[in-house]
Amino acid sequence: LDGTGVDVVIMDSGIQTDHPEFQDANGVSRVKQIDWFAESGVSGTMPANHYTDIDGHGTHVASIMAGKTFGWAKNADIYVQTILDNDTNELSIADAFDTLLGWHNAKTNGRPTVVNMSWGYALYLNTNVSPNTIVDNNLQVYATLTGGSYRGDSPYNNAPHTLTERADLVSKGVTGRNAGSGYYQIPIVMNSVDTSVEQLTDAGIIVCIAAGNNSMKQDVENGDDYNNYVSY
């Protein structure tokens, strides 16, 4: 119940390795700074400053999961995969999944693996162009709407409400989070991520993933935009 004999993995923005919350009763850090490629047998090179956290989110969720004062798994060993917001120090999501699976399968000590994935994914509707496009954070275009404007029914923003042909999309929901002037965040389903999560769970890894990554509700029940999402 206190994490003894358990390996927890924080897949997030990194970790502050010297934080006292991650020490054991003798003041020794429980953070295991491994080379994920070497330990997993996957080809690749670790980023030089992988074990840092420039925005604090990874350290925050690690403290909830395994901090020694208020964390759940106070005695667990802590492993970290930096995948977000850490510039050149992060693993790609694909490498993180592959190395995590390889490392877990290579373990012979019988310790269970519990991974926390407190991160989501979304694309954005760009209404600054006509026809509207669906873009990522780097403005890479994933789809162009054939009808011109995007239809979304949301109480949280002034998203377009023009009913159009949506041949390029499987969705018409819009969230209230604005990514900038003329950009609206929309939920998506990333089949590659879902497939990787299934591979982890099939291997016996316990995955705690952020709620709402899949099929985020966009409207009141029975509303026009309830249970819709973008898939690509």
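Tyr79 is buried, at 11% relative accessibility. Buried means under 20% relative accessible area, exposed over 50%, and partly exposed in between (1.4 Å probe, protein chains only). The rings of Tyr79 and Trp103 have centres 4.7 Å apart and planes at 50°, so this pair is tilted. Tyr79 sits in strand 2 and Trp103 in helix 3, 24 residues apart, and the pair links these distant parts of the chain. Both Tyr79 and Trp103 are buried.

This is a predicted model: local features need pLDDT of at least 70, side-chain atom pairs count only at pLDDT 80 or more, and totals for chains, interfaces and linings use all residues. Residues are numbered from 1 along each chain as its sequence is written, and side-chain values use heavy atoms, with hydrogens and water left out.

**The aromatic cluster**

The structure holds three aromatic pairs. One of them joins Trp36 and Tyr79: the ring centres are 6.3 Å apart and the planes stand at 65°, so the pair is edge-to-face. Trp36 belongs to helix 1 and Tyr79 to strand 2, so this pair ties together parts 43 residues apart in sequence. Rings of Phe, Tyr and Trp (its six-membered ring) pair if their centres lie within 6.5 Å; planes under 30 degrees apart count as stacked, over 60 as edge-to-face and the rest as tilted. Trp36 is buried, with a relative accessible area of 0%. Trp36, Tyr79 and Trp103 form one aromatic cluster.

| Pair | Centre distance | Plane angle | Type |
|---|---|---|---|
| Trp36 and Tyr79 | 6.3 Å | 65° | edge-to-face |
| Tyr79 and Trp103 | 4.7 Å | 50° | tilted |

Lys107 lies over the face of Trp103, 4.5 Å from the ring centre. A charge sits over a ring if NZ of Lys or CZ of Arg is within 6 Å of the ring centre and within 35 degrees of the ring normal.

**Helix 3 and its cover**

Helix 3 (residues 93-106) has 14 residues. From first C-alpha to last, helix 3 reaches 20 Å, close to the 20 Å expected at 1.5 Å a residue. The expected span is 1.5 Å times one less than the number of residues. Helices (H or I, at least four residues) and strands (E, at least two) are DSSP runs, numbered from the N terminus.

Which residues of helix 3 are buried? They are Ala96, Phe97, Thr99, Leu100, Gly102, Trp103 and His104. Their cover includes strand 1 (7-12), helix 1 (36-40), strand 2 (77-82), strand 3 (113-117) and helix 4 (191-202).

**The loops on either side**

Asp85 lies in the loop between strand 2 and helix 3. Asp87 lies in the loop between strand 2 and helix 3 too. Neither is a glycine, yet Asp85 has a positive phi of about 60° and Asp87 one of about 50°. Most residues other than glycine have a negative phi. Asp87 is exposed, with a relative accessible area of 61%.

Asn109 lies in the loop between helix 3 and strand 3. Asn109 is partly exposed, at 48% relative accessibility. A polar atom of the Asn109 side chain lies 3.0 Å from the backbone nitrogen of Arg111. Asn109 and Gly5 are 104 residues apart in sequence but 9.4 Å apart in space, C-alpha to C-alpha.

**The whole chain**

The protein chain has four helices and 10 strands. Buried residues make up 46% of its 232 residues.

Technical notes
Contact = heavy atoms within 4.5 Å. Polar contact = N/O pair within 3.5 Å; in protein donor to acceptor, adjacent residues only side chain to side chain.
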